[in-house]
Amino acid sequence: MRADLHTHSNISDGTDAPGELVAKAAREGLDVVALTDHDTYAGLEEARRAATQIGIGFLPGIEISCRLGGVSVHLLGYGTGPEPALDAELAQVRASRADRLPEMLDRLAALGMPLSRDEVMRWVGDSPSVGRPHLADAMVARGYVASRDEAFRDWLAEGCPVYVDRYAIDLPRAVSLVLSAGGAPVIAHPWSRQSRAVLTPDVLAGLAAGGLVGIEVDHPDHDAGTRAELRPLAASLGVLATGSSDYHGLGKTRNDLGCETTPEPVLAALRARIAPGRAC
Ligand code: AMP
Ligand code: FE
Ligand code: FE
Ligand code: ZN
């Protein structure tokens, strides 16, 4: 059984429509796929419909923008249902994603790379979750950079001249909101980029005590040594160790669908932590 539990459609910053993504997962021989767009549930219905039609297992999810100690951390929520406090937080994150765009466009213009809002919105399409990858796509289309990677490396990444901060949810609060929404919280790529510094074993133990269900161990951003440390840590904390690609379609190059997967017993344990009726 092969399950890929972390993917993005063009409802956030991936490039496949939700239904296309699910069809592709089936073609790649996956048995189960989860859609986890950034800060929105808007793609889940189309993905679920496609999964039913094609006959592949589906898990609804979301990847929530969080913050801990000033550092960005991503939390996967599986099977979350409507929860007013969580929904309000997500709406605030989405609004803040859109609000920072004018400032980023001003900075690009000052650097000699003018772009209109409409040009960027063409890449955002129907997505309610405006992201830096959309801005990167508009920069590529204008020939300012050759790829999303180059746009992030030189201009958009944290610490770069065009980076503008945005609202993110306090991580322990997000964990408890996902739990109150009947979902299972799992930290995405916990030791990628700067998040290793804040997600120490002690901090992870505290989150586990607060109901954290799992951590994503097998992820393209984690090298073999990182995984070899994280796997026993997950076991000692009594949380699940998941694995997934973080597929973004053409938007990321090292994240092919199914390149990392979650073992069947781990998926079963994860489903068991989701409120009845929400895990499909
Ligand atoms: P934002 O959601 O606007 O803060 O942008 C962050 C998103 O950009 C992440 O979720 C990644 O999907 C994406 N990202 C970060 N670094 C890169 C990169 N080097 N190339 C392509 N996408 C990236
Ligand atoms: Fe992304
Ligand atoms: Fe992420
Ligand atoms: Zn992701």
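1. A pocket is an open set of points on a 1 Å grid over the protein atoms alone, with protein on both sides within 12 Å along at least five of seven lines; its lining residues have an atom within 4 Å of a point. In this predicted model, the largest pocket is lined by 42 residues, and His74, Arg132, Phe152, Arg193 and Lys252 lie nearest its centre.

2. This is a predicted model, in which local features need pLDDT of at least 70 and side-chain atom pairs count only at pLDDT 80 or more, while totals for chains, interfaces and linings use all residues. Residues are numbered from 1 along each chain as its sequence is written, and side-chain values use heavy atoms, with hydrogens and water left out.

3. Strand E3 gives the most to the lining of the largest pocket, four residues. Helices (H or I, at least four residues) and strands (E, at least two) are DSSP runs, numbered from the N terminus.

4. Glu63 (OE), His74 (ND1) and His189 (NE2) coordinate the iron ion (ligand 3) at 2.1 to 2.2 Å. Donors are N, O and S atoms within 2.8 Å of the metal (3.2 Å for Na, K and Ca); water is not among the atoms, so sites may look incomplete.

5. Glu63 lies in strand E3 (residues 57-68) and His189 in the loop between strand E6 (184-187) and helix H9 (195-198), so the pair ties together parts that are 126 residues apart in sequence. The iron ion (ligand 3) is 5.6 Å from the iron ion (ligand 2).

Key
Chains are lettered from A and ligands numbered from 1 in the order in which they are written. On a 1 Å grid over the protein atoms alone, a cavity is a set of points where a 1.4 Å probe fits but cannot get out, and a pocket is an open set with protein on both sides within 12 Å along at least five of seven lines; lining residues have an atom within 4 Å of a point.
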